[in-house]
Amino acid sequence: MCKKTIFSKIISREIPADILYQDSLVTAFRDINPQAPIHILIVTNIEIPTVNDITIDHENMLGHLFSVAVKMAQQEGIDKEGYRLIVNCNQNGEQEIYHFHMHLLGGKRLGIMVSE
Ligand code: AMP
């Protein structure tokens, strides 16, 4: 059997995380190493390694994931001022965890999108 990702262990509550929202499709929790005052990850409950692995069968789930991201932004009170949603892919995208997730970042001016 394949080894579970760290995010699957968070989803199944095998390891702790600050979970803010969960339903049958997605889970949202605070990033352990926040890069902004608000930094939340919205993760698919099923393991999809990268955005390259998205298929037409995932479209409804990913539309829902966006809705949950907006719900989280509203809940955190950052929707009006604005925020950034990011999906990293593979090496050049600096992806660290190979389990599909979207970063929700906000709570301050985030500056230019790509540095260096
Ligand atoms: P990425 O580079 O897009 O794969 O982002 C992975 C994110 O997961 C990073 O921002 C990490 O800080 C975060 N992360 C790693 N382990 C944990 C954990 N146990 N709980 C919450 N966030 C985590």
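This is a predicted model: local features need pLDDT of at least 70, side-chain atom pairs count only at pLDDT 80 or more; totals for chains, interfaces and linings use all residues.
Ground rules. Numbering starts from 1 along each chain as its sequence is written. Local features need pLDDT of at least 70, side-chain atom pairs count only at pLDDT 80 or more, totals for chains, interfaces and linings use all residues, and side-chain values use heavy atoms, with hydrogens and water left out.

Ligand first. There are 16 residues around the ligand, each with a heavy atom within 4 Å of it. Asp 31, Glu 96, Ile 97, His 101 and His 103 come nearest. By class, the shell divides into seven nonpolar, five polar and four charged residues. Here Asp, Glu, Lys and Arg count as charged; Ala, Val, Leu, Ile, Met, Phe, Trp, Tyr, Cys and Pro as nonpolar; the others, Gly among them, as polar.

Which elements supply at least two shell residues each? Helix H1 (6-11), strand S2 (26-30) and strand S5 (101-106). H1 gives the most, three residues. Helices (H or I, at least four residues) and strands (E, at least two) are DSSP runs, numbered from the N terminus.

Now the ligand's oxygen atoms. A polar side-chain atom of Asp 31 lies 2.5 Å from one. Backbone N or O atoms come in too: Glu 96 at 2.7 Å, Glu 94 at 3.0 Å.

Last, salt bridges: a side-chain nitrogen of Lys or Arg within 4 Å of a carboxyl oxygen of Asp or Glu. The count is four. One of them joins the side chains of Asp 18 and Arg 30, 3.3 Å from N to O. Asp 18 lies in the loop between H1 and strand S1 (19-22), and Arg 30 in S2, so the pair ties together parts 12 residues apart in sequence.

Conventions. A polar contact is a pair of N or O atoms within 3.5 Å; within protein, one must be able to donate a hydrogen and the other to accept it, and residues adjacent in sequence count only if both atoms are side-chain atoms.
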